[in-house]
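Biologist: I am new to this structure. Please pick one part of the chain and show me closely how it is packed.

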Amino acid sequence: RKEFRVNYSVDYASPWFKQSLFTPEYRCQDLNVGEVFQEVLKASGADNFFDAWNYADLVSRMQETLTVQPDMTGMAYSVEIRAPFLDHKIIEFMASLPVEMKVKSWTQNKYIFKKSIAKLIPEEVLRRGKTGFSGISYPQLIKLARTDWKKLIEESIFNPDLELYFQRSFTEHTWKEINEMEINSPRATRYFQIIWSLVVFEHWHRLVFQQAGKQI
């Protein structure tokens, strides 16, 4: 096999975006998220990108997000979600298989799994495209941001504590655009994602530092 080279980085934001969003003080922090992630890929010991990426997912997003959130949501309604596939024996076995038994192309994945259940599942179900857990659309979220959630959002994104990390001028510009642009546009979706990330960060930041203050 060809020599495995890591060329993937989660530090994907454009230099313009980081220059506009983050304060100069915060940009000076010596942290490269891409380099950290590449170390995780190397730690996998895999000789191909697919297995390395699966390992990185397993020790990061799968543990912190993709298994925790569906499990909590499912259990709230007494629904088992993916539970059989989380057995460590299944995970270890699948990790040991060659890549060609897992995927045939970017559009033909879960290959051996689909083969194993082909006689049990109707063809239309087996070949059906992937559907995510979507509940509310971005235009609906943006509409809520302009109305019912407006006060909460403004209290969060304009919290003075955030000015240590994010440039207020960029936050103000982004928020102004969301309130004026067409809510169905891809740009509005992107701007909302930025604003909502700031809201979540502010909430986390406040909880962490409040808790720290209680412990002192």
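**Packing, step by step**

Modeller: Leaving out residues up to four places away in sequence, Ile-157 touches Leu-162, Thr-171, Trp-175, Ile-195, Leu-198 and Val-199. Contact here means heavy atoms within 4.5 Å. Two cautions come before we go on. This is a predicted model, where local features need pLDDT of at least 70 and side-chain atom pairs count only at pLDDT 80 or more, while totals for chains, interfaces and linings use all residues. Residues are numbered from 1 along each chain as its sequence is written, and side-chain values use heavy atoms, with hydrogens and water left out.

Now the setting. The protein chain has 13 helices and 0 strands. Both are DSSP runs numbered from the N terminus: helices are H or I of at least four residues, strands E of at least two. Of the 216 residues in the chain, 24% are buried. Buried means under 20% relative accessible area, exposed over 50%, and partly exposed in between, using a 1.4 Å probe and protein chains only. Take the contacts between residues at least 6 apart in sequence: 57% of them join residues at least 24 apart.

Back to Ile-157. Thr-171 has a relative accessibility of 3%, so it counts as buried. Beyond its neighbours within four places in sequence, Thr-171 is in contact with Ile-157, Phe-158, Phe-166, Ile-195 and Leu-198.

Ile-157 also belongs to the largest nonpolar core. That core has 23 residues, and Leu-21, Ile-153, Ile-157, Phe-166, Trp-175, Ile-178 and Ile-195 touch the most other members. A nonpolar core is a set of buried Ala, Val, Leu, Ile, Met, Phe, Trp, Tyr and Cys residues joined through side-chain atoms within 4.5 Å. Five helices each supply at least two residues: helix 1, helix 10, helix 11, helix 12 and helix 13. Helix 13 gives the most, with 7 residues. There is also a second, separate core of 5 residues, including Phe-37, Leu-41, Ala-46 and Ala-56.

Look next at how two of those helices cross. The axes of helix 10 (residues 138-146) and helix 12 (residues 168-180) come within 9 Å and cross at roughly 110°. Axes are lines fitted to C-alpha atoms, for helices over the stretch in contact, with angles from 0 to 180 degrees between N-to-C directions. So helix 10 is roughly perpendicular to helix 12. That label covers 65 to 115 degrees; under 35 is roughly parallel, over 145 roughly antiparallel, and the rest oblique. On the helix 10 side, Ile-142, Ala-145 and Arg-146 take part, and they meet Trp-175, Ile-178, Asn-179 and Glu-180 of helix 12. By type, the residues of this contact split into 4 nonpolar, 1 polar and 2 charged. Ala, Val, Leu, Ile, Met, Phe, Trp, Tyr, Cys and Pro count as nonpolar, Asp, Glu, Lys and Arg as charged, and the others, Gly among them, as polar.

Phe-166 leads on to the aromatic rings. The whole structure holds 10 aromatic pairs. Rings of Phe, Tyr and Trp (its six-membered ring) pair if their centres lie within 6.5 Å; planes under 30 degrees apart are stacked, over 60 edge-to-face, and the rest tilted. Phe-22 and Phe-166 make a tilted pair, 5.8 Å centre to centre with 35° between the planes. This pair links distant parts of the chain, 144 residues apart. Phe-22 lies in the loop between helix 1 (15-21) and helix 2 (24-27), and Phe-166 in the loop between helix 11 (150-157) and helix 12. Phe-166 is buried, at 8% relative accessibility.

Phe-201 and Trp-204 are also tilted, because their ring centres are 5.6 Å apart and their planes stand at 45°. Both sit in helix 13 (residues 186-215), 3 residues apart, which means about one helical turn separates them. Phe-201 is partly exposed, with a relative accessible area of 22%. Trp-204 is partly exposed too, at 47% relative accessibility. Together, Phe-22, Tyr-165, Phe-166, Phe-201 and Trp-204 form one aromatic cluster.
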